[in-house]
Amino acid sequence: MHHPKECRKILEMRDNGNLDRIGTLPDELLANILSFLPTLSAVQTSILSSRWRYLFTLTRNLSFDDIEYFGTASSDQCEERKTSFERFVYGVLALHRISLIHTFSLKLTKNLKYDCSHLLVWITAAVLKGVQHLHLRIGNHPNALPSCILNCQTLTVLRIYTSGYDLSVPGVVCLPNLRTLDLRNIRFLDGDSVKRFFDGCSQLKELAFHFCQFTTDHVRVSATKLRKLNIICCGGHVVIDAPNLVNLLYVCTDFTSVDVKNLRSPLSVELRPLRTSMPPQVHVLHYIIRGAVNAKELILNHDASRVCIQYDTQSYIPPFFHIIID
């Protein structure tokens, strides 16, 4: 067996003293490695050598985070750094050489006000590059979502986090490959918009509403292939028509009720109560059980089972219904 020093000497002789194993890899493989880094870090590798100068333009994932870019900038530097960040995003998009990208992530500080025209250009560029995973944390920019998102044929995952955005769908939605949808702080203005939106998401399997508001009565969400649903601290009344739903997480508030319809699959329900919302939970549980009659089986977590025990729920539980306390 060779001594470690002898091994090193052999390698140096074989490689003429060059031990840069990473640098000898093909461009495609190096670009794939850089795709796992934040885009800022990937761009910074361009100073390593002439070989690395433009490798970041071959990455399939683009992530822009202004907090990461600003670092510890003081308040009087924010406007200057914001302009620098905008130029950085435009520069990367202009140099980027891959026609199809996998993930595009944009995270903006909610207390900084960007010109929405910039955001529209950046997000549209991602859609035109056939983005599959689109993650947007756009703070207080209510007009920053281009309509082309609603007709992106390649999208499989869409996450939109805002500080308040009014969703109105004026036309047809076509998201034929969307599997996962996560919405936070979205306000649904009318039931027709909601219907058009979900009619265009025929393959949706995972759906999450966080702090969303349903401003009209009896908003109906129809998703025949939906398997997992999270409703967290929302407001309004939501009717869920999802026959294949198997997992429901519901965080109750005094301002939300959920009515589940046409269930056929065994359903696991996790009910997380807020301290002020015990009475509304009884009605929510009533709606869920009533909608899950055809499912034959209902799995309740501790909090949901506590509601069953504390309040008389037997009057609306069918005698053949199987409830499992988890």
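Biologist: How far apart are the end C-alpha atoms of helix H6, and what span should its 13 residues have?
Modeller: In this predicted model, helix H6 covers residues 116–128. At 1.5 Å a residue, taken over one less than the number of residues, the helix should span 18 Å. The expected span agrees with the distance between the end C-alpha atoms, which is 18 Å.

Biologist: Which elements do the buried residues of H6 pack against?
Modeller: The buried residues of this helix include Cys-116, His-118, Leu-119, Trp-122 and Ile-123, and towards the end of the list come Ala-125, Ala-126 and Val-127. H6 is then followed by Gly-130, a residue with a positive phi near 70 degrees. The elements against which the buried residues of H6 pack are helix H5 (78–95), strand S2 (103–107) and strand S3 (133–137).

Biologist: Which residues touch the most other members of the largest nonpolar core?
Modeller: In soluble globular proteins, nonpolar side chains tend to be buried together. Here 47% of the 326 residues of the protein count as buried, and the largest nonpolar core holds 79 residues. The residues that touch the most other members of this core are Phe-104 and Phe-209. The largest share of the core, six residues, comes from H6.

Biologist: Which phenylalanines does Phe-209 touch, not counting residues up to four places away in sequence?
Modeller: With those residues set aside, Phe-209 touches Leu-183, Val-221, Leu-229, Asn-230, Ile-231, Ile-232 and Cys-234, among others.

Biologist: Is His-210 buried or exposed, and what is its relative accessible area?
Modeller: His-210 is found in strand S6, which covers residues 206–210. Leaving aside neighbours within four places in sequence, His-210 is in contact with Asp-182, Leu-183, Arg-184, Asn-185, Ile-232 and Cys-234. Since buried means under 20% relative accessible area, His-210 is buried, with a value of 12%.

Biologist: How many charged residues are in the lining of the largest cavity?
Modeller: A search of the whole structure finds one cavity of 30 Å³ or more, and about 30 Å³ of space lies in the largest cavity. Its lining includes Leu-34, Ser-35, Leu-37, Phe-56 and Thr-59, and helix H3 (39–44) and strand S1 (61–65) each supply at least two residues of that lining. By class, the lining has five nonpolar residues and four polar residues, and the number of charged residues is none.

Biologist: How far apart in space are Ala-42 and Leu-62, C-alpha to C-alpha?
Modeller: Ala-42 is found in helix H3 and is buried, with a relative accessible area of 3%. Leaving aside neighbours within four places in sequence, Ala-42 is in contact with Leu-34, Leu-37 and Phe-56. Both Ala-42 and Leu-62 line the largest cavity. Ala-42 and Leu-62 are 20 residues apart in sequence, and their C-alpha to C-alpha separation in space is 9.5 Å.

Biologist: Which strand gives the most to the lining of the largest pocket?
Modeller: About 240 Å³ of space lies in the largest pocket, and of the 18 residues that line this pocket, Pro-146, Ser-147, Leu-150, Tyr-165 and Leu-167 lie nearest its centre. The lining divides into 14 nonpolar, four polar and no charged residues. Strand S4 (157–167) and strand S5 (180–188) each supply at least two of the lining residues. The strand that gives the most, with four residues, is S4.

Definitions and conventions: Residues are numbered from 1 along each chain as its sequence is written. This is a predicted model: local features need pLDDT of at least 70, side-chain atom pairs count only at pLDDT 80 or more; totals for chains, interfaces and linings use all residues. Side-chain values use heavy atoms; hydrogens and water are left out. Buried means under 20% relative accessible area, exposed over 50%, partly exposed in between (1.4 Å probe, protein chains only). Contact means heavy atoms within 4.5 Å. A nonpolar core is a set of buried Ala, Val, Leu, Ile, Met, Phe, Trp, Tyr and Cys residues joined through side-chain atoms within 4.5 Å. On a 1 Å grid over the protein atoms alone, a cavity is a set of points where a 1.4 Å probe fits but cannot get out, and a pocket is an open set with protein on both sides within 12 Å along at least five of seven lines; lining residues have an atom within 4 Å of a point. Grid points are joined across faces, edges and corners, and a volume is the space filled by probe spheres set on the points. Ala, Val, Leu, Ile, Met, Phe, Trp, Tyr, Cys and Pro count as nonpolar, Asp, Glu, Lys and Arg as charged, and the others, Gly among them, as polar.
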